[in-house]
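I opened this model to look up its salt bridges. My notes follow.

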Amino acid sequence: MRATPIAVAALAAALLLSACDNGSGGDDGGNGKAAKAGDACTLDGVGVQVGASAAPTAGDSGDVTVTITNNGSTCTLNGFPAVRLEAGATKSTVPSDKAAKAQKLTLAKHATASFTITYVRGEAGGKQSLAVKTAKFSLPGSAAEHAIAWSYGEVALKGGADRPNASVTAFQQAGD
């Protein structure tokens, strides 16, 4: 019997996807901690992907979108992610978007959700700019942080190093 090219491609894609693991474990027995369905999502049970539409010049807005994929049991996201920008010893908390309303999301295994950090690019080396090297975020109800290398330019400030001209959206269901 001869396999059709479409069947071979579908099988290869399925095997490739099943081999992907963007997380550092999961709540499906790999780390010895079985989560109850509906518990808060944790970083050790999700994969993280980052995409950006960086601000090209000072004064422009840019977006950094973080997508998480649940790799474990069904879990929930209830609230905003906590996001902090770091430039050496300077750490600045990114406020939540005032227009956004947090919603409780339930993520089944392999479901995805995302949030976006919107920022205004600062003048390189300027007094009202933060030379961010790392962004860290945590999921609601958890202190564990995930670090993202920041390569999207300096972030403008609103009056001081502790007030970045940035905001973070609520989680949104992503994917199908």
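The model is predicted, so I kept to its thresholds: local features need pLDDT of at least 70, side-chain atom pairs count only at pLDDT 80 or more, and totals for chains, interfaces and linings use all residues. Residues are numbered from 1 along each chain as its sequence is written, and side-chain values use heavy atoms, with hydrogens and water left out.

**Entry: the count.** I took a salt bridge as a side-chain nitrogen of Lys or Arg within 4 Å of a carboxyl oxygen of Asp or Glu. How many salt bridges does this rule give? I got three. Arg-84, Glu-86, Lys-136 and Glu-145 are linked in a network of them.

**Entry: Arg-84 and Glu-86.** I found this pair at 2.7 Å, N to O. Is Glu-86 buried or exposed? Glu-86 is buried, at 10% relative accessible area. Arg-84 is partly exposed, at 22%.

**Entry: Arg-84 and Glu-145.** Arg-84 also forms a salt bridge with Glu-145, at 3.1 Å, N to O. I read strands (E, at least two residues) and helices (H or I, at least four) as DSSP runs, numbered from the N terminus. Arg-84 sits in strand 5 (residues 82–87) and Glu-145 in the loop between strand 10 (134–138) and strand 11 (146–149), so this pair ties together parts 61 residues apart in sequence. Glu-145 is partly exposed, at 38% relative accessibility.

**Entry: Glu-86 and Lys-136.** I noted this salt bridge at 3.7 Å, N to O. Glu-86 is in strand 5 and Lys-136 in strand 10, so the pair ties together parts 50 residues apart in sequence. Lys-136 is partly exposed, with 23% relative accessible area.

**Entry: strand 5 and its partner.** I called two strands paired if DSSP finds at least two bridges between them. Which way do strand 5 and strand 6 (residues 90–94) run? They run antiparallel, joined by five bridges. Arg-84 stands opposite Thr-93 in strand 6. The hairpin of these strands has two residues between them, and Gly-88 there takes a positive phi near 65°.

Methods:
Buried means under 20% relative accessible area, exposed over 50%, partly exposed in between (1.4 Å probe, protein chains only).
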